[in-house]
Amino acid sequence: MATQTKTKKTAASQKAAKSEQTDFDKKILFVASEAVPFIKTGGLADVAGALPKALVDKGVDCRVILPLYMDIKQELRDNMKFVGNLYTNLSWRYQYCGLFTAVYEGVTYYFIDNEFYFKRSGLYGYYDDGERFAFFSKAVLECIKLMDGFTPDIIHANDWQSALIPVFLDVFFRGDDRYKYIKTVYTIHNIEFQGRYSGFMVGDVLGLPDWAREYVDYSGDVNYMKGGIERANKVTTVSQTYAGEILNAYYGYGMNNILVNRQYKLSGIINGIDVDANDPKTDKYAYTNYDLASFGDKVKNKLAFQEALGLPVGADIPMIGMVGRLTHQKGLDLLAPILTRILDMGVQLVILGTGDYKYEEMLRSVQSRYPGNLRALITFSGDLAGKIYCSSDMFLMPSKFEPCGLSQMIAMRYGALPIVRETGGLKDTVIPYDYTTGKGTGFTFYSYNAFDLLNAVERAVGMYRDYKEDWNKIVKNAMTQDFSWKNISDRYIDLYKQL
Ligand code: ADP
């Protein structure tokens with residue numbers, strides 16, 4: 001029922017947006033290892049949930065395909081229909097591929113079913129992930145045969161989990177007319193995770209012939225991402241700044257050498273956010289909903305959240321939020337040495353995330369010494385994330401590298417001003433506040449240096465406390481930014497048109 005209502009709503013919004021319909025009539029198959037609302041561990045799921053929807057709203061026949069994980073909720077499974085099944089080779093293996101489909105908010109989703117590979121809890125982190133996602137990539141291509149009347153003109157693969165698609169397509173499928181003219185786009189959401197395994201897998205798992213080994217060979221290992229970069233017609237990443245950064249060794253994690261020679265097909269397109277799902281006016285996790293016009297109500301969230309977390313309750317106590325994986329990427333190494341100095345400013349820092357044990361322990365230990373200032377919520381929870389965005393005055397994201405980053409955009413939409421390092425998508429989405437012009441949406445620092453981070457936090461907290469007029473101006477600037485997929489999806493259409 002809920003799905004039907006949502007489908008109707010999309011049909012209505014499609015009608016309203018009729019003038020924005022595109023003349024682009026090619027079929028896109030968007031391949032991802034996670035997508036909202038079915039399954040999510042990070043930003044890829046947000047993108048795979050929102051970009052296809054934005055394309056469909058413009059009249060593009062874009063469909064999404066995912067693995068059928070055990071953790072997909074039953075209420076979403078209830079709407080799935082069985083399409084058919086077939087078998088595929090994975091070197092000497094002969095594996096079952098079932099195909100299910102469901103329509104959600106007007107978008108057609110497909111799911112690859114294989115209980116041996118996907119009937120497990122969680123998504124990644126198994127000893128045979130390399131085999132699981134090689135299977136997924138092969139099965140996606142194979143299952144096109146079951147998609148009645150839908151032969152994609154373009155397959156859009158994402159991250160290492162589907163990076164082998166352009167490789168398998170060229171090596172195994174081109175002989176069949178159905179696959180002859182399919183073009184491929186490969187998007188890198190995070191270059192650190194490449195799908196790198198022992199070289200024996202080239203023959204034993206991927207089943208690639210010797211002549212194709214060079215597509216995936218990286219210093220004797222097999223590297224799925226390299227394969228995607230080599231064989232895709234277009235390679236993109238999720239911000240313009242990151243597209244430049246990954247050509248350098250510091251950011252490129254070894255792929256810089258490959259990408260430097262493939263710049264002719266590399267570009268950066270910034271991600272958007274789902275502005276319907278991330279809206280303080282309708283957020284179901286908010287204690288009190290608000291928008292720019294009723295911004296005064298935001299503080300009610302802070303007061304209720306302080307109460308719920310057992311923190312001292314006070315409207316004037318600055319609250320800084322942080323939501324994200326607790327890994328070196330997110331700048332935890334910068335935060336650690338100056339954490340107590342931030343807390344000594346009398347602020348409340350609420351951090352939500354899971355990740356490396358050493359960072360979780362560091363946060364727990366500081367929390368025990370600063371119980372009135374720090375809350376480390378070591379869990380994954382959409383509810384708590386929503387409460388942090390609604391309640392915080394500031395949002396911390398001192399990333400070492402950040403391909404795009406969605407959290408800072410969500411934070412701005414909620415009027416929580418971002419404090420970020422100028423890297424990747426953070427640089428492209430947060431405008432440093434300049435009091436001489438009144439322009440800007442947050443606070444930034446450039447060097448990967450803890451004291452520069454501390455200085456940025458001091459500037460933000462100082463302005464929050466002493467310059468309320470400026471503060472409110474930045475809040476207004478931040479909350480009125482357009483981070484919707486509506487415009488950004490046009491850039492993907494332009495890219496697809498080039499093919
Ligand atoms: P990533 O590098 O993990 O993809 P992004 O900023 O691009 O980082 O996207 C992270 C997304 O996941 C955001 O929507 C953020 O709110 C959400 N998120 C991250 N960690 C958690 C958590 N522990 N609980 C709930 N949501 C989280």
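Residues are numbered from 1 along each chain as its sequence is written. Because the model is predicted, local features need pLDDT of at least 70, side-chain atom pairs count only at pLDDT 80 or more, and totals for chains, interfaces and linings use all residues.

Let's begin with the antiparallel sheet. Its three strands form an open sheet in the order β8-β10-β9, with β8 and β9 as the edge strands, each pairing on one side only. Strands here are DSSP runs (E, at least two residues), helices are DSSP runs too (H or I, at least four), and two strands pair if DSSP finds at least two bridges between them. Two bridges join β8 to β10, and arginine 196 has asparagine 223 of β10 as its bridge partner.

| Element | Residues |
|---|---|
| β8 | 196-197 |
| β9 | 217-218 |
| β10 | 221-223 |
| α9 | 224-231 |

Helix α9 lies across β8, β9 and β10, at about 55 degrees to β10 (axes are lines fitted to C-alpha atoms, for helices over the stretch in contact, with angles from 0 to 180 degrees between N-to-C directions; contact means heavy atoms within 4.5 Å).

Next comes the parallel sheet. Six strands form an open sheet in the order β15-β14-β13-β16-β17-β18. β15 and β18 each have a single partner strand, so one side of each is left without a neighbour in the sheet. β14 and β15 pair over four bridges, and valine 350 stands opposite arginine 375 in β15.

Finally, seven of the ten residues of helix α16 are buried, so the helix is largely enclosed by the rest of the structure (buried means under 20% relative accessible area, with a 1.4 Å probe and protein chains only). Among the buried ones are Lys387 and Tyr389. The buried residues of α16 pack against elements including β13, β14 and α17.

Technical notes:
Heavy atoms only, no water. Buried < 20%, exposed > 50% of the residue type's maximum accessible area, 1.4 Å probe, protein only.
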